[in-house]
Amino acid sequence: MHCRNCQHVLWNAPAPEPGAARVCPECGTDYTIAQYEFAPGKVEFHCPHCDQAYFGTSEKGHLEPTEFHCTSCGGEVSMERCIVRPHGTMDSAVAMLEQPIPWLEGGGIFARWWKTVVVGVKKAARVPAMIGNRDAFSESFVFLAVNTSISSSVNVLFGIGAALLAMFVAGGVGGTFTFGPGGLVATPGNSVVTLGLQIAQFVLVPLSMISVSLLGSWFASLAGASNGLTFRRAFTIVSFASGGYAFNLIPLCGGLIGMVMWAVGASTAIAASVPRGQATAPVILGLVGALIGFACTSAFMFVLGLLLNL
Ligand SMILES: [Zn+2]
Ligand SMILES: [Zn+2]
């Protein structure tokens, strides 16, 4: 159990005054016990009044219930006001709950990708705890590139298919067809350029999504700096929580759903990375970042549409 900002050991940290936030004694960064997940039954929570020990028995190794009256002194015990330490002489690392991110585990690339997508969609709030204190910035960067490439492949293939159809079947060389409000619309254009732009999207879509994440993470880190939410950590969280983007695999209508699901997953994960009650600002900024990203993407697609119709 280390400070997320300066790695200072937080075991045995003194209980805060009632109503006061827990802060790292070394650097002053806010934290809560609930942000950390422990191996069940391996961590002792000590009554702040009489030092009576209670074991964390929930599946996250937390006290259950989180507030009760001490059986020894009758005083009020709340998990956030306990002194916390591993049981006996146990190694600190053993006391932490191991919850690997599938992407960082063994196995084939598609299996690791899909399992991490499921985490991002179903358990986004657990992403910060799963990352723990490690710096997985570059691994998360690769995951985001892989996720956006795979997830956008269906739409890109559709685009290429439409371009090929226009070139060889419907419009002949020099003409393309696009889906307009009135159905299939014939427009004059350069088929080779059209096809080239469609193929380029295999690279352009991941690049634009990575830019969106960098921007959103920068916004989130501005607001979350006092809680140890650095830019690198925010980007790692946003990227590993990007599973919702895989909704792009649904042809034609999946794009918007994918962006919204990613925004929801990323906001949930960012909110879970800072102490409860202080999540509002990063969440709003995270959403702003995602919306800016969506606007960028829309603008990008609009420009691309104009180019396609030259
Ligand atoms: Zn610290
Ligand atoms: Zn007590």
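User: Where is Asn-12 found, and what is its phi?
Analyst: Most residues other than glycine have a negative phi. Asn-12, in the segment before S1, has a positive phi of about 65 degrees although it is not a glycine. Strands (E, at least two residues) and helices (H or I, at least four) are DSSP runs numbered from the N terminus. This is a predicted model: local features need pLDDT of at least 70, side-chain atom pairs count only at pLDDT 80 or more, and totals for chains, interfaces and linings use all residues. Residues are numbered from 1 along each chain as its sequence is written, chains are lettered from A and ligands numbered from 1 in the order in which they are written, and side-chain values use heavy atoms, with hydrogens and water left out.

User: Is the peptide bond from Glu-64 to Pro-65 cis or trans?
Analyst: Most peptide bonds are trans. The one from Glu-64 to Pro-65 is cis, with omega near -5 degrees. Pro-65 lies in the loop between strand S4 (53-55) and strand S5 (67-69).

User: Which residues coordinate the zinc ion (ligand 1)?
Analyst: Ideal angles for four tetrahedral donors are 109.5 degrees. The SG atoms of Cys-3, Cys-6, Cys-24 and Cys-27 coordinate the zinc ion (ligand 1) at 2.2 to 2.3 Å; donors are N, O and S atoms within 2.8 Å of the metal (3.2 Å for Na, K and Ca). The angles among these 4 donor atoms are 106 to 112 degrees, and the site is tetrahedral (all angles between 85 and 135 degrees). Cys-6 lies in the segment before strand S1 (22-23) and Cys-27 in the loop between S1 and strand S2 (30-31), so the pair ties together parts 21 residues apart in sequence.

User: At what angle do H6 and H7 pack?
Analyst: Angles run from 0 to 180 degrees between N-to-C directions, with axes fitted to C-alpha atoms over the stretch in contact. Helix H6 (residues 231-240) and helix H7 (residues 254-272) pack at about 135 degrees, with axes 8 Å apart. The contact (heavy atoms within 4.5 Å) is made by Ala-234, Ile-237 and Val-238 of H6 and Trp-262, Ala-266, Ala-269 and Ile-270 of H7.

Definitions and conventions. Four donors count as tetrahedral if all angles lie between 85 and 135 degrees; four count as square planar and six as octahedral if opposite donors are over 155 degrees apart and all others between 65 and 115; anything else is irregular.
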